[in-house]
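Here is a friendly walk through one protein chain. Take a look at the sequence and the structure, then read on.

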Amino acid sequence: GGEEEEEVEEEVEEEAEEEVLARKVLAAQQQSREVFLPSVHPHPLEPCYRRSNYCDVRGPGCKYAPTMYTCTECVPAWDICQTCFDKAPRDEAGPSAVKDSLADLLHEISLATHDEEGGDAGEDDMGDAIAEEDDEDVDINQLFRQAQAQRHADSMQRDEEETEEEEF
């Protein structure tokens with residue numbers, strides 16, 4: 001029985017991964033249908049008719065249900081009815097170019113693959129750029145003590161100068 005249970009668990013994990021991937025692909029396809037209304041909600045909204053959900057805006061003339069748009073990120077769901085959606089203030093000059101480039105970046109990230117066997121699992125892409133050979137002998141604690149001593153000396157000098165000014 002133990003091996004069969006492990007196989008079932010692996011299949012469930014694979015199905016979950018496939019579902020996540022399918023959601024990402026679907027999200028990328030629906031990207032063009034997304035609407036951004038920062039006046040009522042900070043995340044993108046997508047068309048989604050939900051008869052049993054209630055409007056989260058509850059503005060003047062709100063229909064409460066059904067809802068016509070839902071948030072692409074919020075859990076539990078954040079929904080808005082058509083009336084509140086239509087009445088929401090629009091920023092015509094909105095950050096569409098930024099949103100589009102961000103959407104493109106997120107889409108690229110969602111398609112990226114990680115090669116466990118190729119050896120990139122433990123590598124730090126920036127490691128070489130960060131660690132200069134000259135830095136190996138530096139004692140951070142020593143630098144900190146020197147900076148503290150310099151700061152103390154500077155404040156003592158300022159105190160002396162202020163005292164001299166008061167004497168005149």
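## A buried aspartate and its partner

In this predicted model, Asp-79 is buried, with a relative accessible area of 2%, which falls under the 20% cut-off for that label. What does Asp-79 form with Arg-50? The two residues form a salt bridge, and their closest N and O atoms are 3.3 Å apart. Side chains of opposite charge can pair when their charged atoms come close.

Asp-79 belongs to strand β3 (residues 79–80) and Arg-50 to strand β1 (residues 45–50), so this pair ties together parts that are 29 residues apart in sequence. Arg-50 itself counts as partly exposed, because its relative accessibility is 26%. The structure holds one salt bridge.

## The chain as a whole

Now for the wider view. The protein chain has five helices and three strands, and from the N terminus on they follow the order α-β-β-β-α-α-α-α. Of its 168 residues, 14% count as buried.

The protein chain exposes about 13800 Å², with carbon and sulfur atoms supplying 50% of that area. Among contacts with a separation of 6 or more, 40% come from residues 24 or more positions apart.

Where does Asp-139 lie? You can find Asp-139 in the loop between α4 (127–130) and α5 (140–167). Asp-139 counts as partly exposed, because its relative accessibility is 39%. A polar atom of the Asp-139 side chain lies 3.1 Å from the backbone nitrogen of Asn-141.

Methods. Residues are numbered from 1 along each chain as its sequence is written. This is a predicted model: local features need pLDDT of at least 70, side-chain atom pairs count only at pLDDT 80 or more; totals for chains, interfaces and linings use all residues. Side-chain values use heavy atoms; hydrogens and water are left out. Helices (H or I, at least four residues) and strands (E, at least two) are DSSP runs, numbered from the N terminus. Buried means under 20% relative accessible area, exposed over 50%, partly exposed in between (1.4 Å probe, protein chains only). A polar contact is a pair of N or O atoms within 3.5 Å; within protein, one must be able to donate a hydrogen and the other to accept it, and residues adjacent in sequence count only if both atoms are side-chain atoms. Contact means heavy atoms within 4.5 Å. Accessible areas come from the Shrake-Rupley method with a 1.4 Å probe; for residues, only the protein chains shown count as cover. A salt bridge is a side-chain nitrogen of Lys or Arg within 4 Å of a carboxyl oxygen of Asp or Glu.
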